[in-house]
Each structure stands twice: as structure tokens, then as C-alpha cells.
Amino acid sequence: MDRSKLDNPEKQGAGTGTLGKALAVLEAVAMADRPQRFTDVLQLVGQPRGTLHRLLGHLVDEGLLVQRQDLSYEPGLRLLKLAYRSWSGSRFRDIAEPYLLRLHDLTGETVHLGVLQETEIIYVDKVESRQTVRMSSQIGKASPAYCTGVGKAALSSLPPDELRRIAARMEFRPFTARTHRSAAALLAEIEEIRRDGHAFDREEHEGEICCVAAPIAVPEHDLVAGVSVTGPSYRVSMAQLAIWAKDVRKAAAQIEEEVRIRLGPGRGER
């Protein structure tokens, strides 16, 4: 989630209605790494205390949030049910699944499918490694696009103006010593990714975790995504990832083609 909007209430816009405010509260709790206390949510969304109390109460009453015994809030079962229905009904995920499984069979490592949402990549599917040590990623989880292989791959498929706009909005948090610190550094690597057709995560988001990824772009369906093979650096070398790059690019191209065939004409083609 892009926290910058939540950190500064003025960025939400004075005209935000009740539904928008409720969704901001729901997102603040649902995207957090831990249960959120009232003061945590208050700081994130910047709404009046009375309004926030009322919205939290409505969300709890509707089963979208749960209030724990320590008075903190976490996602409710109704929200999880809706999320599950969304993921299970995703046509893009269904289309991509056979190609993810083939990559997994080929490499034995974790395969991710992610969709770009502004400055973040949202993981919409994952095939877990057959190995003992596995990835901490989860379906539905958001990660920064600038320091993940699948995120950088997706960014590489954007038009230049759109890429620069999104890069300017990023907050370059240094997760590791290898994380990009600026938009200029990211944009320079994006040029390399466009030339090569694939991206690497060289332990930029998590230490000792690396990957190779390729972009999936179907502009007529507003789809900007990526697919990756990920593994621990002690088991998967950069040389091995470079060997797998061709297979990852092939899978991405096959998914693109399948999306166009099965989803048919998009906007502007009717």
C-alpha cells in the first residue's frame, strides 16, 4: 500500500465521502503487518477521532474487521472471504497458472505472479518451492516495485512518462545494502531491463533472496504484471538465474498471448 496518502490526511482530498473514508480505514488495518490500535489507525488515516470511532464500529459490525481483546483491530472473516473469492475468481490468475506450474517444474523454486498497482507489486499467485527453505511472500501481499524483480520487470513495460511519474512518487526505503536509493538509479536499471527483457532482484528487498523476472503487459486490458522465479542466494546463484531467464521470458510471453486470446478485445478495440 502507498502509505504516503495515509500519512498525510490532506492528500486524501477534502471531498472524500463516507465510503472513501471507510475504505481508507479498512485498508490501513488490512495492509498492516500487525493488528492496529486505534491510535495507529488515527495516525495513518488522519480522520477526526469521532469519525474514526464510528467507522471502526461499522466495519466491526459488518464483519470486515475484528476487535481483539487488547482492543486492536485486524481483518475480519468476511473480508478474508471476499478476498478469497476475488483471488479464486481471477481470470488472469487462472490463465497464468499452467505456465507458473511449468516454471516450477523446470526450476523447483518458488514462482510468483504479481500485478503492478502504482508503486507496489501485488502478488496474485505463488507456486511454492519444493525445497525445505521457502519464501515468506503471500498471495495478496504488497511489496515495493523498485526493489523486487517482478516489480521492476512490470515497471519496464510502462510508457516512459508513466514510469517517470510513478518513480517520482516512490519512497526509496533501503531494505538492504543493495536497494536502490533514488529514482535515477531505478530508471537506469529499467533501461537495462528493457534491453534484456528480464529483471533481477539481487538481494534488494530481502537479504539472501534473489530472483529473475519478466514483464507481462496487455495494455488493452490495463494489465501490467510480471512473473518470477525466486530462491535463496546460497542455493540459487546469479548464473543459474541468468540461465532461467529465457524460460521466464517465454512464460511471460505465453501468458500475454493467452490473456489476449481468452479475454478478447479490450478498451478501444470494440
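Let's start with the largest nonpolar core, which has 30 residues in this predicted model. The residues with the most contacts inside this core are F92, L100, V212, I216, L223, V227 and I255. Which elements give two or more residues to this core? They are helix 6, strand 3, strand 4, strand 7, strand 8 and helix 10. Helix 10 brings the largest share, with 8 residues. As general background, nonpolar side chains in soluble globular proteins tend to be buried together.

Six strands form an open sheet in the order 5-4-3-8-7-6, with antiparallel pairing. Where are the edges? Strand 5, residues 142–144, and strand 6 are the edge strands, and each pairs on one side only. From one strand to the next, the twist averages 35°. At the strand 5 end, strand 4, residues 120–127, pairs with strand 5 in the antiparallel sense over 3 bridges. To find that pairing on screen, look for E120, whose bridge partner in strand 5 is P144.

Helix 6, residues 91–107, lies across strand 3, strand 4, strand 7 and strand 8, and runs at about 145° to strand 3. Helix 10, residues 238–263, packs on the sheet and touches strand 6, strand 7 and strand 8. The direction of helix 10 makes about 25° with that of strand 7.

On to the charged side chains.

In the first, the side chains of R68 and E74 meet, with 3.5 Å from N to O. Both partners are partly exposed: R68 has a relative accessible area of 35%, and E74 has a relative accessibility of 27%.

In the second, E162 pairs with R165, and their closest N and O atoms are 2.8 Å apart. These two are 3 residues apart in helix 8, residues 160–169, so about one helical turn separates them. E162 is partly exposed at 30%, and R165 is partly exposed at 36%.

E189 lies in helix 9, residues 183–196, and R202 lies in strand 6, residues 199–202, so the pair ties together parts that are 13 residues apart in sequence. Is E189 buried or exposed? E189 is buried, with a relative accessible area of 9%, while R202 counts as partly exposed at 34%. Going back to E162 and R165 for a moment, salt bridges that share partners join them with E118 and R169 into one network.

One last stop is Q47, in the loop between helix 3, residues 38–45, and helix 4, residues 49–61. Q47 is buried, with a relative accessible area of 7%. What lies 3.2 Å from a polar atom of the Q47 side chain? The backbone oxygen of K21 does.

Methods: Residues are numbered from 1 along each chain as its sequence is written. This is a predicted model: local features need pLDDT of at least 70, side-chain atom pairs count only at pLDDT 80 or more; totals for chains, interfaces and linings use all residues. Side-chain values use heavy atoms; hydrogens and water are left out. A salt bridge is a side-chain nitrogen of Lys or Arg within 4 Å of a carboxyl oxygen of Asp or Glu. Buried means under 20% relative accessible area, exposed over 50%, partly exposed in between (1.4 Å probe, protein chains only). Helices (H or I, at least four residues) and strands (E, at least two) are DSSP runs, numbered from the N terminus. A polar contact is a pair of N or O atoms within 3.5 Å; within protein, one must be able to donate a hydrogen and the other to accept it, and residues adjacent in sequence count only if both atoms are side-chain atoms. Two strands pair if DSSP finds at least two bridges between them. Axes are lines fitted to C-alpha atoms, for helices over the stretch in contact, and angles run from 0 to 180 degrees between N-to-C directions. Contact means heavy atoms within 4.5 Å. A nonpolar core is a set of buried Ala, Val, Leu, Ile, Met, Phe, Trp, Tyr and Cys residues joined through side-chain atoms within 4.5 Å.
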